[in-house]
Amino acid sequence: MALPLFPPESDPGPDFVGLLRMTAGRADPPARLEAGASVQVPHGTTVVALRYADGIVMAGDRRATAGNIIAHHAMEKVFPADRHSAVAIAGTAGMAVEMVRLFQVQLEHYEKVEGSVLSLEGKANQLAQMVRQHLPMAMQGLAVVPLFAGYDTARGVGRIFNYDVTGGHYEDTDFQATGSGGRDARNTIKLGWREGLSRDEAVDLAIQSLYEAADEDSATGGPDPVRGIYPLIAVVDAQGYQPVPEAEVAERFGALIAGKQAERAQ
């Protein structure tokens with residue numbers, strides 16, 4: 001298959017989505033739901049991100065719900081965007097995962113075409129455009145609300161960005177949480193966050209925030225030792241994206257629960 005050639009005035013350059021549109025045609029507009037119609041599709045819920053001394057920690061519970069039904073016990077909601085950034089998803093599960101996959105390809109495509117990596121703000125802007133393009137579906141109740149964070153190699157710090165359904169994105173200085181349990185998770189982090197947290201302290205705080213969110217929000221999944229299911233947690237620092245091993249997450253959850261039990265016994 002020959003590589004497509006474009007005149008200078010219409011060359012999509014590093015825009016992978018633009019390339020798809022020009023080579024395969026625009027996608028059909030999304031189907032609209034009839035008035036009063038509803039669909040039961042899996043939705044992902046609580047994800048959190050917080051800054052610590054050397055970068056950021058991002059975490060997400062594993063439960064997906066469809067109405068009042070648990071649709072999936074072990075959904076993945078935290079993904080690497082590229083080497084130095086991560087994205088977590090809340091909202092309509094299928095569309096959210098598809099958006100993340102396209103975002104990953106877009107960043108890789110840009111790097112190959114331009115020979116350089118986008119700045120962290122540039123990555124945040126690219127994701128904002130994808131969320132904005134999804135607005136017609138969001139208006140029908142199929143919203144996707146990501147959380148983006150990464151290590152800014154130019155500044156040497158971790159940075160966090162949150163989004164609304166219109167594609168608006170806003171930088172949070174220290175921490176953020178979104179999803180149905182986001183308020184409870186955010187309040188927990190607010191009480192425990194301080195400047196200069198270590199990696200282990202930040203992971204423990206993320207774990208505690210998801211535990212408290214699950215305690216208040218039925219759509220947020222807590223730890224499930226019977227099935228061996230625990231939240232996904234990742235660290236992004238100068239060394240890049242690093243998932244926290246599941247065995248470590250399970251051990252830290254065990255310590256948290258033991259501490260709660262000890263408090264009740266007093």
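Author: Happy to! Let's begin at His84, which, leaving aside its neighbours within four places in sequence, is in contact (heavy atoms within 4.5 Å) with Leu120, Gly150, Tyr151, Thr153, Val236, Asp237, Ala238, Gln239 and Gly240. His84 sits in the loop between strand 6 (78-82) and strand 7 (85-92); helices (H or I, at least four residues) and strands (E, at least two) are DSSP runs, numbered from the N terminus. With a relative accessible area of 13%, His84 is buried, where buried means under 20% relative accessible area, exposed over 50% and partly exposed in between, with a 1.4 Å probe and protein chains only.

A word on the ground rules. Residues are numbered from 1 along each chain as its sequence is written, and side-chain values use heavy atoms, with hydrogens and water left out. The model is predicted, and local features need pLDDT of at least 70, side-chain atom pairs count only at pLDDT 80 or more, and totals for chains, interfaces and linings use all residues.

Stepping back for a moment, the protein chain has seven helices and 13 strands. Of its 266 residues, 48% are buried. Among contacts between residues at least 6 apart in sequence, 65% join residues at least 24 apart.

Now for helix 2 (residues 93-114). Its 22 residues reach 32 Å from the first C-alpha to the last, close to the 32 Å expected at 1.5 Å a residue, a span taken as 1.5 Å times one less than the number of residues. Gly94 belongs to helix 2 and is exposed, at 51% relative accessible area. The C-alpha atom of Gly94 is 7.5 Å from that of Pro42, 52 residues away along the chain. Among the buried residues of helix 2 are Ala93, Ala96, Met99, Phe103 and Tyr110. After helix 2 comes Gly115, with a positive phi near 75 degrees.

Helix 2 also meets helix 3 (residues 120-133): their axes come within 11 Å and cross at roughly 140 degrees. Here axes are lines fitted to C-alpha atoms, for helices over the stretch in contact, and angles run from 0 to 180 degrees between N-to-C directions. Helix 2 and helix 3 are therefore oblique to each other; under 35 degrees counts as roughly parallel, over 145 as roughly antiparallel, 65 to 115 as roughly perpendicular, and the rest as oblique. Met99, Leu102, Phe103, Gln106 and Leu107 of helix 2 make the contact with Lys123, Gln126, Leu127, Met130 and Val131 of helix 3. These residues divide into seven nonpolar, two polar and one charged. In that count, Ala, Val, Leu, Ile, Met, Phe, Trp, Tyr, Cys and Pro are nonpolar, Asp, Glu, Lys and Arg charged, and the others, Gly among them, polar.

Our last stop is helix 5 (residues 182-192), which packs with helix 6 (residues 199-216) at about 140 degrees, their axes 8 Å apart. That makes helix 5 oblique to helix 6. Asp184, Ala185, Thr188, Ile189 and Gly192 of helix 5 touch Leu205, Gln208, Ser209, Glu212, Ala213 and Glu216 of helix 6. The residues of this contact are four nonpolar, four polar and three charged. In helix 5, Gly182, Asp184, Ala185, Thr188 and Ile189 are buried, and the buried residues of helix 5 pack against strand 2 (47-52), strand 11 (175-178) and helix 6.
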